[in-house]
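Please read the following note alongside the sequence and the model. The points are meant for someone meeting this structure for the first time.

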Amino acid sequence: MSRERFEELVGDALDAVPEELLRRMSNVVVLVEDDPPERGLLGLYEGHALTDRGWDYAGVLPDRITIFRNSTLAICSTEQDVVDEVAITVVHEIAHHFGIPDERLHELGWG
């Protein structure tokens, strides 16, 4: 799958997130990279979760949500598999932005 098509699927996954949640996101950017910093990683949230931000949170670079194309493609057999996995990964990383840890996401079926 081309990078352009994969980026389109990430955009579609973001479009599917309820508008109310997107409005509550603050100082965060969503990126697509080909390869992760460690093998098997599909997505990565880097930054300060909303729940960790205090009165002194100011002047910082945006948080980053990165979705990794090659890792995702490696575990998917069909385009529909990619669509589904990208949607799960986008929700998973957005949840980290809201301060939801991996353990809770796995309990909720978004692991």
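1. Two strands are taken to pair if DSSP finds at least two bridges between them, and helices (H or I, at least four residues) and strands (E, at least two) are DSSP runs numbered from the N terminus. This is a predicted model, in which local features need pLDDT of at least 70 and side-chain atom pairs count only at pLDDT 80 or more, while totals for chains, interfaces and linings use all residues. Residues are numbered from 1 along each chain as its sequence is written, and side-chain values use heavy atoms, with hydrogens and water left out.

2. Three strands form an open sheet with mixed pairing, in the order E1-E3-E2. Strand E1 (28–33) and strand E2 (43–46) are the edge strands, each pairing on one side only.

3. E2 pairs with strand E3 (residues 63–68) in the antiparallel sense, over four bridges. The covered face of E2 carries Gly43 and Tyr45, whereas Leu44 and Glu46 are on the uncovered one.

4. The structure holds nine salt bridges, a salt bridge being a side-chain nitrogen of Lys or Arg within 4 Å of a carboxyl oxygen of Asp or Glu. One of them joins Arg3 to Glu7, with the closest N and O atoms 3.0 Å apart; both residues lie in helix H1, four residues apart, which is about one turn of the helix.

5. Arg3 also forms a salt bridge with Asp34, where the closest N and O atoms are 3.1 Å apart. This pair links distant parts of the chain, since Arg3 is in helix H1 and Asp34 in the loop between E1 and E2, 31 residues apart. Arg3, Glu7, Asp34 and Arg69 are linked in a network of salt bridges.

6. On accessibility, buried means under 20% relative accessible area, exposed over 50%, and partly exposed in between (1.4 Å probe, protein chains only). Arg3 is partly exposed at 27%, Glu7 is partly exposed at 35%, and Asp34 is partly exposed at 27%.

7. Asp63 forms a salt bridge with Arg53, the closest N and O atoms being 2.8 Å apart. Asp63 lies in strand E3 and Arg53 in the loop between E2 and E3, so this pair ties together parts that are ten residues apart in sequence. Asp63 and Arg53 are both buried.

8. Arg24, in helix H2 (residues 19–24), is exposed, with a relative accessible area of 52%.
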